[in-house]
Amino acid sequence: MNADPGATTRRRFMAAAAERILVIDGAMGTEIQGRSLTEDDFRAGRFDGHHIPLAGNNDLLSITRPDVILDIHRAYIAAGADIVCTNTFSGTTIAQAEYDLRSAVSELNLSAAHLARTAVDEAVTDDGRQRFVAGSIGPTNVTLSMSPRVEDPSYRAIDFDTLTAAYSEQIDALVDGGVDLLLIETVFDTLNAKAAIVAARRIARRRGVTTPIILSGTITDRSGRTLSGQTTGAFWTSVRHADPVAVGLNCALGA
């Protein structure tokens with residue numbers, strides 16, 4: 001039986017973390033905004049006939065302007081990043097439905113993973129310093145725990161199985177693209193994160209590759225709770241079964 005390459009990656013990651021503080025890269029969206037891209041950049045010939053405006057769909061740039069995304073990855077590495085995140089924060093069929101680009105999900109995740117992998121491999125070849133590619137998995141624009149309708153608290157915009165299937169498609173493509181880690185990030189609803197965890201575990205069983213997970217929650221106000229009402233301690237208790245290599249909070253309320 002072949003050894004799980006994900007277990008080897010986990011050992012490499014933990015060994016590197018034991019030697020030094022590992023620095024994750026910064027925001028992708030603000031870097032993209034700084035490039036003053038236009039609608040033409042998001043279409044780039046490939047999507048010229050698309051019936052919905054595409055400016056703002058940053059994930060799509062991994063297909064239409066890969067040079068921009070690769071340059072951003074390289075800049076973060078030059079600044080000292082040890083973990084480079086793929087440009088896939090909205091890389092699910094759920095999130096891409098806003099642009100009617102569900103059919104592009106696998107390709108944009110695969111392209112984004114290849115770009116981050118290219119930048120990291122170049123840097124490792126150049127200086128020998130161990131770095132990692134993290135596949136960015138955002139929370140989507142729906143929530144499993146709460147109703148978007150104030151008049152109907154029982155209503156849900158999506159169900160667990162549908163969200164899990166959407167995450168599965170994304171994770172499959174990220175793993176195909178060669179990511180080292182899965183970053184389930186900006187978790188405002190822990191049930192959404194659990195759907196991503198379930199998807200990752202199912203894919204791990206099918207592929208025989210257990211890609212290590214990082215979890216990053218987000219606190220929405222000064223109460224110190226997630227949008228779905230959990231304290232940080234409750235959040236940790238709810239996700240620790242995923243055995244993440246790291247867990248933390250993002251910069252929603254400042255560093």
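## Pockets in a predicted model

Mentor: Let's start with the second largest pocket of this predicted model: helix α9 gives the largest share of its lining, five residues.

Trainee: Which elements give two or more residues to the lining of the second largest pocket?

Mentor: This pocket holds about 250 Å³ of space. Of its 18 lining residues, those closest to the centre are Arg201, Thr210, Thr211, Ile213 and Ala242. The elements with two or more residues in that lining are α1, α8 (160-176) and α9 (190-207).

Trainee: And how many nonpolar residues are in that lining?

Mentor: Sort the lining by class and you get three polar and four charged residues. The remaining class, nonpolar, has eleven.

Trainee: Okay, on to the largest pocket. Which residues are closest to its centre?

Mentor: The largest pocket has a volume of about 960 Å³. There are 42 residues lining it, and the closest to the centre are Phe89, Ser136, Leu183, Glu185 and Thr186.

Trainee: How many charged residues does the lining of the largest pocket have?

Mentor: Elements that each supply at least two lining residues include α1 (5-19), β3 (181-187) and β5 (246-249). By class, the lining has 19 nonpolar and 19 polar residues, and the charged ones number four.

Trainee: Back to α9 for a moment. Is Thr190 buried or exposed?

Mentor: Thr190 is found in helix α9, and its contacts beyond four places in sequence are Ser228, Gln230, Phe235, Ser238 and Val239. Its relative accessible area is 5%. The cut-off is under 20%, so Thr190 counts as buried.

Notes
Residues numbered from 1 in each chain as written. Predicted model: local features only at pLDDT ≥ 70, side-chain atom pairs only at ≥ 80, totals over all residues. Heavy atoms only, no water. 1 Å grid on protein atoms, 1.4 Å probe; cavity = no way out; pocket = protein on both sides within 12 Å on 5 of 7 lines; lining within 4 Å. Points joined across faces, edges and corners; volume = space filled by probe spheres on them. Helix = DSSP H or I, 4+ residues; strand = E, 2+ residues; numbered from the N terminus. Nonpolar A, V, L, I, M, F, W, Y, C, P; charged D, E, K, R; others polar. Buried < 20%, exposed > 50% of the residue type's maximum accessible area, 1.4 Å probe, protein only. Contact = heavy atoms within 4.5 Å.
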